[in-house]
Every structure is written in C-alpha cells, then in structure tokens.
Amino acid sequence: MDIGIDRKLFKTKPGIHVHFYSSQSAKTYTLLPSEVAGSMLAEELCIHLFTNHAFQFYEIEPSDGDSEYLKIYPGSLHLFQLWSCDSRQYLAPNDEIRLIDQTMSTEFVLRIRFHYPSSLQELNFYDVRDSGAFYYYFVQCRQDFIHDMLHDVYHSHVKEDLSVGLALVDMCRLAFEKHYNLKQLKEKFEYHNFLPRHVAKKIKGIIVKRQLTKSLNTSLEETYNKYINSGDKPHRNCIVSYLKKLLASVPE
C-alpha cells in the first residue's frame, strides 16, 4: 500500500521518524534515540507531535509565502493515528514504540484514520469544527489519489474522467491559495502533476510540458471562473468539491 509518501524521504539515521502530509511536499519530524526514554506509546508520540508543533506547512492562505504552523485543535487528536511503514498497518493508541538500541531507525506516517465513504457526510462538520484537521485530511486524500493508492484498491471505480476533472479543480485550488490569476495558473502549473500517476503515464507525450490541449484549456478556464465566482473563499470551495467528488467515487 502506497500511502503517498516519497520513499526518498525515509531516513537511515537512528531515531523515530514521523512523516506527515503537506500541501507542498511531505515533511518529516525526527525523535533521536537520546530523546526517547526506553519506549513510548503511539498515543504519547501523537501528543508529542501536536504539543511540540512538530509539523509545519503552508496554511490555506500563507502570508507572503511564509511557512506557518498548521493549527489543529486538541479535540481532533483522536482522529489521527500512526501508520507503521514496517508492519504496514495502523498502530493502536496503546501500542508500544521502542528503540531496541541506539542505532535503530523506525518510520511512521501520521494519518487521519477515516473510512473514505463514511467521511462524506462529515466533511462540513469537521470543516467548521477544525479547519486545520479538515485541510490535513484533504491533503492526505489528495496524496492517496495522486500516488495511486485509491486506484490500486478501487481500480474499477476511480475513472479517468474523474481524474481529469479533479486535476482541474486542484489546479484552481492551488492558484487561489497562491493568489494567481488565470494566466499565471497556466504558466506556472503542469497539468500532469495534478493527475494520478497511472493516468499521467498514459497521457505522457500527448500533453506537452506546460501546455494543455484546446479542450483542456477551455475546461480549465470554465472551472477557474466557476470557483472564483463561488464566494469569498474559492480555495475552500475547491477543496470541498474535490473531496466530495473523490469520496463519492469510492464504494462502500
């Protein structure tokens, strides 16, 4: 199972390494062996990550491009769990994490543990309750989609036409977050970077780098105009639309 983290980020140096999702690129927080007193519970490690501001990435609306802490409320802590890259399964809150010796290295990914379909009806609730956790969930789902996790698990349900539509919405979302106009969007973004890997491979050579076909150009313009006129938070509307379309395609 590919959980949307580039294996190049995995560490060889000793310690506990926790990877987490970012709108830009995955980040890693490391606890050195000297910082781990024998062992700790998975829940304790999660609390440590939150209380020590271990993960940083760009907010929805970054100020002058500065990196800020993602604000997630304590009440949402129970939504997160650690995925072990070694055992390839989630850790229970009371599972023990232990470094046997000072040379040992172990890798985890911090994920919101939701079943995709059941999340659809809860999106608006969590968006209002904790926009930080909601945004993290969006980035996690997006990474799962881009890295073909959903394609591998639900091969016959995630259609290519859905991939094309989601890519357009995602391009517009990022443009709104960066305050790009339509011209800048077309100049700075490469369409294939917003597609699942298996789809991007198929269109390789058909869509020239940084150029879209006429039909895709038209669709992109229509999508951009639709969301920029959708209210005072077009980026948020893009995120909600992206998640609803994606989650609706996943079977029970």
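Author: V139 belongs to helix α4, which covers residues 131–146; helices here are DSSP runs of H or I with at least four residues, numbered from the N terminus. The model is a predicted one, in which local features need pLDDT of at least 70 and side-chain atom pairs count only at pLDDT 80 or more, while totals for chains, interfaces and linings use all residues. Residues are numbered from 1 along each chain as its sequence is written, and side-chain values use heavy atoms, with hydrogens and water left out.

V139 has a relative accessible area of 2% and is therefore buried, a term for values under 20% with a 1.4 Å probe and protein chains only. Beyond its neighbours within four places in sequence, V139 is in contact with Y21, S22 and S23, where contact means heavy atoms within 4.5 Å. Between the C-alpha atoms of V139 and A26, which stand 113 residues apart along the chain, the separation is 10.0 Å.

Y21 also belongs to an aromatic cluster, together with F50, F80 and Y136. The whole structure holds 10 aromatic pairs, counted when the ring centres of Phe, Tyr or Trp (its six-membered ring) lie within 6.5 Å; planes under 30 degrees apart are stacked, over 60 edge-to-face, and the rest tilted. The rings of F138 and Y242 have centres 5.4 Å apart and planes at 85°, so this pair is edge-to-face. Because F138 lies in helix α4 and Y242 in helix α10 (residues 234–248), the pair ties together parts that are 104 residues apart in sequence. F138 and Y242 are both buried.

F138 is also in contact with R173, as are Y135, R142, H235, C238 and I239, leaving aside the neighbours of R173 within four places in sequence. R173 lies in helix α6 and, with a relative accessible area of 2%, is buried. Its side chain is joined to that of D170 by a polar contact of 2.7 Å, meaning a pair of N or O atoms within 3.5 Å; within protein, one must be able to donate a hydrogen and the other to accept it, and residues adjacent in sequence count only if both atoms are side-chain atoms.

Helix α6 (residues 160–177) is mostly covered, with 14 of its 18 residues buried. Just after α6, H179 takes a positive phi of about 60°.

How values were computed:
Helices (H or I, at least four residues) and strands (E, at least two) are DSSP runs, numbered from the N terminus. Buried means under 20% relative accessible area, exposed over 50%, partly exposed in between (1.4 Å probe, protein chains only).
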